[in-house]
Amino acid sequence: MNRSIRKVAVLGSGVMGSAIACHFANIGCQVILLDIAPSELTDEEKEKGLTLDNKIVKNRIVQSSFDRALKSNPAPLYSKRFISRITLGNFTDDLAKIKDCDWTIEVVVENLDIKRKVYEEVEKHRKPGTLITSNTSGIPIHLMTEGRSEDFKKNFCGTHFFNPPRYLRLLEIIPTPFTDPATTSFLMNYGDLHLGKTTVLCKDTPAFIANRIGVYSIMKVLDSMRKLGLNIDEVDRLTGPVLGRPKSATFRTTDLVGLDTMIKVATNLHKALPNDEERDRFVVPESLVKMEQQKWLGDKTGQGFYKKTKTAKGETEILTLDLNTLEYGPKAKAKFATLESTKSIDNLKQRLPVLLTGSDKAGEFYRDSLYAIFSYVSNRIPEIADELYKIDDAVCAGFGWELGPFETWDAVGVEKSMKAIEASGKKANDWVYEMISSGKKSFYTIENGQRKYYDIPSKSYKLIPGKEEFIILENLAENVVWQNAESKIINLGDGVLNFGWHSKSYTLGSAVIEGLNKAIDLAEKDYTGLVIGHQGADFSLGANLGLVFMYAIEQEYDEIDFMVRQFQNTVMRIRYSSVPVMVCPQGRTLGGGCEMTMHADIAQAAAETYIGLVEVGVGLIPAGGGTKEFVKRVSESFEEGDVELNAVQNAFMTIATAKVATSAEEARELGILRKTDRVSVNKDRQIKDAKTAVIELAESGYTMPVQSRNIKVQGRAGLALFTAGVYGMRMGNYISDHDQKIALKIANVMCGGDLTAPQEVSEQYLLDLEREAFVSLTGEKKTLERIQSILTGGKPLRN
């Protein structure tokens, strides 16, 4: 059956239902979001004389849930424009509309009887052959289809999204014994290709894979914390980025998700797992039970492990809970010698072995918690998964870990850790010992640029299914053709090079600029094209402000001029190269990173790209071609009859207010991305998508563009209007004197300087104006104070 998903029905408009509906709208689907009709009127409805039959009343529940979702932060939609793709309704009046839907997703309350009643009604209306899935997180999938037709059972499956669905990449696919394999295969592929998910095929076991392992890990952290006498601040320091986990670490994450949710999963696991060797670990500590009783559930109730308050001076203060006394107090500074010793180790795989050898409480914590996790995951095969990579994929995508449990174990060293695990009172499963005795020392290996996993039944390494569609740069070490301290050039095959970098915060310093120019040189000489991008957390946070600050303090303005000129020339080479150049922004893409993106032949942006020209925030203006490029794009968009200054003003405001798009779609609306730029919903496909696009451009007869000399600017007439507006903002105290100075510099560049009349100028003319403005602003005291504040985290530099 050739399936196509155009219209989706989401049944249940709670937190997950509304967010799932939004994400389907993100990818272009038409969505109907339904929920129950109220059984009682509110006092307000009674006063208005409304009845239960009124459409507004019937849709009250779904409307309020959807409105709440739209106000949530982070936003569930890529763009507010996509709201129009979602139609609201109620089960009483609108359930029959699912007959026009290709996929119906049930997201009602976690109660088996209620779900079965919903399915009974669904069966009356759904079109045979269409998908019907459940987003349950805990009810056994196979119990849901009792009494349903054969067609229903064939097309039914569990599809467990993680909250929030737009941002957390895991989608667990849980078939029943009756699910058609073609249905399962379709969902695995659709989730990856269209929804941007890491799809993991799960067995129908309690909590599936991610929550089983993730919640065990949290409960084990609580146990290690108790044994070592650690506090909440210390544990969150130990279980955050230093361990390759999210900044929210353990307790802040639980506050975000909700303590009641975590307790519910843990309690259900304890009940459902009588034979689990770590069953007692799922017993919820008394302190957490008391927190739940007092409704200290986290963000949803205003306090949890952390509590936001105001000081006597009205300043915001975050207090931390003491789990022994259940009283809040000031955040404690968490310092450990082990963490200090790893500050210089940026590579997580190199840092992990050092963390485990620490002789302080931090080292003890890591050994006690990680060895237990290693043992636990080894014993979950084949119970929850037949292949170990599924456990890593699920935990990384669902909980935001940089390395999964088996990947972490590989980094620590499988063979050398076995005795230590035994000494800790745990034991790995026999298959791990058999793997080591057979001469295989790791769970993963790289062969010919392809990552393989250890397959337990065959006792051999096998390719991970589905990964052939991805290009994983770290697997291509043998393809490096050039590198320096901060960047490298990789041959992607088929005549395409990749340029990537790994500087701190992915800043664009001299080593990165050197590497980028070298990549363009090589591509123009011997290759078909170039893909600029890497697979780090962010694309780039812009220029090296430390270097700018150093030169400015020393009043070495010629050095600043040279540095900016070099970056401008490099960015222009991206646009004006003899081979096609794709740029792949993802994550935070700020300042110079945004300017690189704007100069690509085509940008291949990840859907989750947070991009903007933010230089104004540090007292400067975009001078790597960003201001010039906005003027050029506005000029090219003019049509006869347009009010040209209106378009220039919109571009001015984007730069002057340092707007940052919160998605690739929003970047398109701001003019940072063009209609011709492309978006990869699944960022794992981004480099491969860009490579494909480079080849397409080359094979279609790519010709190097010619620099523009006909960019229309407004001159004095436009500058006078901008000046009046800026002075008005200052007089109204909306901006400071320094903000006014920056805004006038931007306006001067965008209007082409002191020209007597509107006329056409070249790109180089505007680049020179940009650079002049940038260098002049580095001599301003307020600019240096802003840069200093950023570099020191708000603390003054020592003399």
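In this predicted model, Phe 406 is buried, with a relative accessible area of 0%, and Phe 443 likewise counts as buried at 0% relative accessibility. A pair of aromatic rings is described by the distance of the centres and the angle of the planes. A search of the whole structure finds 27 aromatic pairs, and one of them joins Phe 406 to Phe 443 in an edge-to-face arrangement, with 5.0 Å from centre to centre and 70° between the planes. Because Phe 406 lies in helix H18 (residues 405-412) while Phe 443 lies in the loop between helix H20 (430-437) and strand E12 (444-447), this pair ties together parts that are 37 residues apart in sequence.

Another of the aromatic pairs brings together Trp 431 and Tyr 454, whose rings are stacked, with 6.3 Å from centre to centre and 15° between the planes. This pair, too, links distant parts of the chain, since Trp 431 is in helix H20 and Tyr 454 is in strand E13 (residues 450-455), 23 residues apart. Trp 431 is buried with a relative accessible area of 5%, and Tyr 454 is buried with a relative accessible area of 2%. Ring pairs link these residues into a cluster, whose members include Phe 406, Phe 443, Trp 431 and Tyr 454, together with Tyr 371, Phe 374, Trp 409 and Tyr 461.

Leaving out residues up to four places away in sequence, Tyr 366 touches Leu 238, Val 242, Leu 243, Leu 339, Leu 355, Leu 356 and Tyr 371.

Arg 380 lies over the face of Tyr 376, at 4.3 Å from the ring centre, and Arg 451 lies over the face of Tyr 444, at 3.9 Å from the ring centre.

How many disulfides does the count give? A disulfide is a covalent bond between the sulfur atoms of two cysteines, and the count here comes to zero. The sulfur of Cys 29, for example, has its closest cysteine sulfur in Cys 101, and the 10 Å between them is too far for a bond. Cys 29 counts as buried at 3% relative accessibility, and Cys 751 counts as buried at 0%.

The backbone deserves a careful look as well, given that most residues other than glycine have a negative phi, and most peptide bonds are trans. The peptide bond from Asn 73 to Pro 74 is cis, with omega near 10°, and Pro 74 is found in the loop between helix H4 (60-71) and strand E3 (86-90). The bond from Ile 381 to Pro 382 is also cis, with omega near 10°, and Pro 382 lies in the loop between helix H16 (361-378) and helix H17 (388-399). Phe 208, in the loop between strand E8 (198-201) and helix H9 (210-228), has a positive phi, near 60°, and counts as buried at 1% relative accessibility. Ala 249, in the loop between helix H10 (232-238) and helix H11 (251-257), has a positive phi near 50°, and is buried with a relative accessible area of 10%.

Note on methods
Residues are numbered from 1 along each chain as its sequence is written. This is a predicted model: local features need pLDDT of at least 70, side-chain atom pairs count only at pLDDT 80 or more; totals for chains, interfaces and linings use all residues. Side-chain values use heavy atoms; hydrogens and water are left out. Rings of Phe, Tyr and Trp (its six-membered ring) pair if their centres lie within 6.5 Å; planes under 30 degrees apart count as stacked, over 60 as edge-to-face and the rest as tilted. Helices (H or I, at least four residues) and strands (E, at least two) are DSSP runs, numbered from the N terminus. Buried means under 20% relative accessible area, exposed over 50%, partly exposed in between (1.4 Å probe, protein chains only). A charge sits over a ring if NZ of Lys or CZ of Arg is within 6 Å of the ring centre and within 35 degrees of the ring normal. A disulfide is a pair of cysteine sulfur atoms within 2.5 Å. Contact means heavy atoms within 4.5 Å.
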